[in-house]
Amino acid sequence: MKIGILGAGNLGTALGRRLAGAGHDIVVAFARTEDKVARAARTMGGGARPGSPEQAARHGDVVLLSTPWPVTLGLVDQVADSLTGRVVWDTTNPFAPDMSELVLGTTTSAGEEVARHAPDAAVVKAIPPFAELLSSDSAEVGGHRPGLFVCGDDAGARATVVGLAAQIGCDPVDTGPLKLARFTEPQGMLLTNLAYVQGMGPRITSILVQD
Ligand SMILES: NC(=O)c1ccc[n+]([C@@H]2O[C@H](COP(=O)([O-])OP(=O)(O)OC[C@H]3O[C@@H](n4cnc5c(N)ncnc54)[C@H](OP(=O)(O)O)[C@@H]3O)[C@@H](O)[C@H]2O)c1
């Protein structure tokens, strides 16, 4: 599959490495320097290459959004035309710049805001496990694949992200409508606080179990 990645940082690079390893064709974009984007592509391997945000958006059947929240909607506005008809996999946490709190939630979500700014894309919200976990040899925690809640209004787009999530070693759960991102995004805040404020570290995850 052709995949564009917007965000050449920790998460975009870790996801790209796993997706490239699964055989996907990747164009990555978006950092303050071209050198950083080129380094991210090299780290991903598998023929991943750097591009502009518009090139990455146009390239992808699926376009991952892995950017800090304060710059996310501006970037989505910039590439909105190129996202027409794409599945946009939004991985962002709507954190304040100091990561101490969510800047929106419960009455809307980052996923829904991204969808408002990219009205011709099928936006799917699914916050992956920590980049450190994805970058390690095994993403499993305590013998479990990391859980990944997948919210979106387009069932086909959700199925696409569910498939990719399974390929990168996660245990995806199709949670239905994008509106439920209002309740999955706070979990990202909780896990980040547990990992980096309360000292549990990034080898933690949450899973859904069912009889
Ligand atoms: N890291 C994780 O484990 C993880 C897990 C789940 C969800 N998330 C979410 O995923 C998103 C990305 O996280 P991350 O840890 O990958 O962040 P990151 O390492 O800081 O990467 C962000 C990327 O965006 C670029 N960027 C930021 N501001 C920019 C600007 N003004 N102009 C151009 N490029 C800019 C950065 O480039 P520069 O480095 O050049 O600034 C970098 O390539 C966030 O919303 C985060 O909450 C992260």
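What covers the buried residues of H1? The cover includes E1, E2, H2, strand E4 (62-65), helix H6 (131-135) and helix H7 (155-167).

## Basis of the model

This is a predicted model, in which local features need pLDDT of at least 70, side-chain atom pairs count only at pLDDT 80 or more, and totals for chains, interfaces and linings use all residues. Residues are numbered from 1 along each chain as its sequence is written, and side-chain values use heavy atoms, with hydrogens and water left out.

## Sheet

Helices (H or I, at least four residues) and strands (E, at least two) are DSSP runs, numbered from the N terminus. Eight strands form an open, mixed sheet in the order E3-E2-E1-E4-E5-E6-E7-E8; two strands pair if DSSP finds at least two bridges between them. Strand E3 (49-50) and strand E8 (171-176) are the edge strands, each pairing on one side only. Strand E7 (residues 147-152) pairs with E8 in the parallel sense over five bridges. Val-150 has Asp-174 in E8 as its bridge partner.

Helix H2 (residues 34-44) packs on the sheet, touching strand E1 (2-6), strand E2 (25-29) and E3. Contact here means heavy atoms within 4.5 Å. The direction of H2 makes about 155° with that of E2; axes are lines fitted to C-alpha atoms, for helices over the stretch in contact, and angles run from 0 to 180 degrees between N-to-C directions.

## Helix H1

Helix H1 (residues 10-21) has twelve residues and reaches 17 Å from its first C-alpha to its last, close to the 16 Å expected at 1.5 Å a residue. That expected span is 1.5 Å times one less than the number of residues. Nine of the twelve residues of H1 are buried, where buried means under 20% relative accessible area, exposed over 50% and partly exposed in between (1.4 Å probe, protein chains only).

Thr-13 lies in H1 and is buried, with a relative accessible area of 13%. Leaving aside neighbours within four places in sequence, Thr-13 is in contact with Gly-7, Ala-8, Ala-40, Thr-43 and Met-44. The side chain of Thr-13 reaches the backbone oxygen of Ala-8 at 3.4 Å.

## Ligand surroundings

The ligand is surrounded by 20 residues, of which Leu-11, Arg-32, Lys-36, Thr-67 and Ala-131 are the closest. A residue is near a molecule if one of its heavy atoms lies within 4 Å of it.

An N or O atom in the side chain of Lys-36 is 2.6 Å from an oxygen atom of the ligand. A backbone N or O atom of Asn-10 lies 2.9 Å from a ligand oxygen atom.

Key. Polar contact = N/O pair within 3.5 Å; in protein donor to acceptor, adjacent residues only side chain to side chain.
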